[in-house]
Amino acid sequence: MKPDELREAYLSFFESKGHTRWPSDSLVPANDPTLLFTGAGMNQFKEMFLGVGNLPFQRAATAQKCLRTGDLDNVGRTYYHHTFFEMLGNFSFGDYFKSEAIRWQWEFLTQVIKLPVDRLWVSVYEDDDEAFAIWRDEVGIDPARIWKLDAKSNYWPANAPEAGPNGPCGPCSELFFDFGSPGEEGDPEAGRYCEIGNIVFTQFNRVGKHELEPLAQKNIDTGMGFERILAVLNGVRSNFETELFSPIIRALTDIAGRSYAYDDPQGPLFRRIADHVRASVFLIADGVKPSNEGRGYVARRILRRAIRDGFALGIDETFLHRLVPVVVEVMATAYPEVKDAQPAAEAFLRAEDRKFRETYHAGMQMLERAISDLAGDESESGGGGAGATLSGGRRARTTLSGKAAFELYDSHGFPLELCEEICAERGLNVDRAGFDECMEAQRERARRASGMKGDVFQETAVTAIKKTVSASEFVGYASTDADSEVLALLSGVHILDRITAENGEVQLVTRVTPFYAESGGQMGDAGVIETPQGRFEVKGTTKIDGYWLHRGRVVEGALERGTKASLRVDRGRRNAITRNHSATHLLHAALRTVLGKHVTQAGSLVAPDKLRFDFTHPQSVKPDEFAAIEAWVHDEVARNSSVQTDEVDIDAARAAGAMALFGEKYGDVVRVVRIGEHSLELCGGIHVGTAAEIGTTLVLHEAGVAAGVRRIEMVSGSGAFTLAREQRGLLHDVATSLKAAPAGLADRIASLQDEVRTLRQKEAASRRESGTAAADDIAGRAVEAGGIRIVVEAIETDNPKELLALSDALRVKLDGECLILLAGNGGKAVPLVATSTDGAVAAGLKAGDALRKLAEKLGGKGGGRPQMAQGRAPSADGLDGALEEVRAALATVVQ
């Protein structure tokens, strides 16, 4: 059975049982701040489980995209561990319960996809006699094939009766497939059994240790392992041998130029790369860009693990981006968003690959220095005691500190295992315990910084108000004013009845709102909300699961829940954002027209003062292309193209060629915005009525933000007028200063540049003449030692180039083996330059060493090669004495 066939079979089967087929949530839970990533099918239904959701059904079936990183080190080493995976799920929210959930899952497995009955085993919680009886009596499984297990294995959350968090919980029943080996039959811990699914019976509310209260609404949460079931159906033991991964691994063998075998020592490298590139493509498709913070940091760490594995396979060039088309080909039917994100994914993966190769080599140099430090400690201590290591305190001289190893891991992506291997080759150990301490400390910092508790049923303020408050109604497409009622006042996780200025910044929910909530790159609206008792200034607007949250503070009087309210959007600000948003669409179309159809959006920001648009393109935009893009947008505005918005079926929109926004999630029905003949995009934002309303448009600048990703900033309407006026004023000021008409500025500047060139040439000639004269004088003061002439002098200049020129002149004048060390004392800082001939270096007089000694005495820094070095000191205090000391010290080297 093919992957798409299995997915469809599951969803169709449960549709036949009265379930609503529901789309996968994004990997980034938009409405759940407690989670970093979506890790299970039930995450998007949390509020339905709590009985406060507003979805129009009580049964649902999904194929959910999931991402977990808790078992990252096991990926590629086991049959089943992944970062990105899919979970098939069927759910009941206060509808059916144990009997139906068990019987239907058994029916699907044995009658729809026809798994052999004699290879299936199940487990139940040891005290769940009801589930045991259903498996035995209603399904007809031999009791010998039903394991009764403890709360650690068969309760959700694990150990909930004894420990675990307070909140909804319940026993569960797992399903296993028996591969026949290894291990004895009937042993649930034997490697022969593969868990393929789990049915959670959420029937209790934990209020304390061993204190379980029955839930008024009993729920079913079933999670089936898509990749595992596919492996069983395909008759293979490992998920990596299915069609989900094998095409990626085949492509990787071509890139690496070597064959793949599952049991080969390098097999885990192939599998890990295949897993990680899938995860990366899906993360980018859901709007997660590699970065150094939050979710982006996770994406970057996953990518870097894959790149390191590429190093180990001998891949010496960027390669991850070449696997993206393979991932897209395998997954795009079920998840069209990966096709939309393909250009962005290729660009980001290429950029990360290239960037990490640079930092990786820097990490190798850092490790070599740390190892060298250990060797130095050993020689200095005479073979006894402890030695200092890189950033790691003092440990035995044969052990690299855990802190040093962690710095390599954290800053340069250096895996601990690789660090240990390299150290072992040198007869050294690594303090793994110290490394683990640093890792745990970082995890704790990340947990505190993220504010994410990881408790899927943690109640937020929005979750709480759902029990009594209906979702908001948005009327902002048609109006910027509305009369409504204050439904809720929120301060963090607290629900308030009354707010004043003393409450500071809070969030306000109304029944009806004209305020656009931040989405799709467009900033949320600002404005005011007034009641008979007070005035609330709205600074921004967001939305969570259908609730519009107006963020701001009371500026007059007080506001109370349940009072009538008048809402007014700041029209000037809204109009500016609207113009920029429509201009963004035209800019996107212009880029694709001028640069090519490979251009796709990779991020955007639509603000009142400007728009920012990131797009995929392999090189900087040329001046003629730049002008053509700006002219294309201008012509479309001048043409006064019509702007049409329609709500259509998502498949019809894609078939019509509508462009999707980067990282956005779409439902079955989408809003399509068409501007003229060339721009068609899926967009929920607010737009102008006709293109002429955009007004003048001007591009501010264009630059690269990553390899293969460019960024353009543009202004429109009044923003463009203001920019043009400022630039015209600047042009007038420059023309006046240069005593030229604006039209003649180019000629005037060219003339001045010619004058500057001539003056510089004269200055250089003068410096050469004075340098030659100075060289004659200084050469006469050279000290000779061991046949080598040594010059250590202070020169009246603050220009290191003059010191270098003088050094060259001195070497010619001295005409033999020499070391020259010069310090400039013509300004606040002191430039330092040192040069040494090959003969002087052979005698022990190295330029880098000499300059470092002088720099250290002056409180500065410097270094370089034995033949040439440069540095700088903060001041000339003590310069004469330092020069005398260094001159004397150098003379003793060759005596």
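User: Which residues of H6 are buried?
Analyst: This is a predicted model. In it, the buried residues of H6 are Phe-226, Glu-227, Ile-229, Leu-230, Ala-231 and Val-232. The helix spans residues 226-233 and is mostly covered, with 6 of its 8 residues buried.

User: Switching to the core. How many residues are in the largest nonpolar one?
Analyst: The largest nonpolar core has 120 residues. Trp-135, Ile-196 and Leu-323 have the most contacts inside it. Helix H12 (residues 342-381) supplies the largest share of this core, 12 residues.

User: Which residues is Leu-323 in contact with, leaving aside neighbours within four places in sequence?
Analyst: Leu-323 is in contact with Ile-248, Ala-251, Leu-252, Ile-255, Ile-273 and Val-277. Apart from this core lies another, of 27 residues, including Ala-785, Val-792, Ala-834 and Ala-847.

User: OK, aromatics. How many pairs in the whole structure?
Analyst: A search of the whole structure gives 35 aromatic pairs. One of them is Phe-49 with Phe-91, which is edge-to-face, at 6.4 Å centre to centre and 85° between the planes.

User: Where do Phe-49 and Phe-91 sit in the chain?
Analyst: Phe-49 is in helix H2 (residues 46-49) and Phe-91 is in strand E3 (residues 84-93), so the pair links distant parts of the chain, 42 residues apart.

User: Why does Phe-49 count as buried, and why does Phe-91?
Analyst: Phe-49 counts as buried because its relative accessibility is 5%, and Phe-91 because its relative accessibility is 0%. The cut-off for buried is under 20%.

User: Why is the Phe-97 and Phe-201 pair edge-to-face?
Analyst: The ring planes of Phe-97 and Phe-201 are at 70° and the centres are 6.1 Å apart, so the pair is edge-to-face. The angle cut-off for that class is over 60 degrees. Phe-97 is in the loop between E3 and helix H3 (98-112), while Phe-201 is in strand E8 (residues 193-208), 104 residues apart. Both Phe-97 and Phe-201 are buried.

User: Which residues form one aromatic cluster with Phe-49 and Phe-91?
Analyst: Trp-22, Phe-45, Phe-57 and Phe-93 are in one cluster with Phe-49 and Phe-91.

How values were computed. Residues are numbered from 1 along each chain as its sequence is written. This is a predicted model: local features need pLDDT of at least 70, side-chain atom pairs count only at pLDDT 80 or more; totals for chains, interfaces and linings use all residues. Side-chain values use heavy atoms; hydrogens and water are left out. A nonpolar core is a set of buried Ala, Val, Leu, Ile, Met, Phe, Trp, Tyr and Cys residues joined through side-chain atoms within 4.5 Å. Buried means under 20% relative accessible area, exposed over 50%, partly exposed in between (1.4 Å probe, protein chains only). Helices (H or I, at least four residues) and strands (E, at least two) are DSSP runs, numbered from the N terminus. Contact means heavy atoms within 4.5 Å. Rings of Phe, Tyr and Trp (its six-membered ring) pair if their centres lie within 6.5 Å; planes under 30 degrees apart count as stacked, over 60 as edge-to-face and the rest as tilted.
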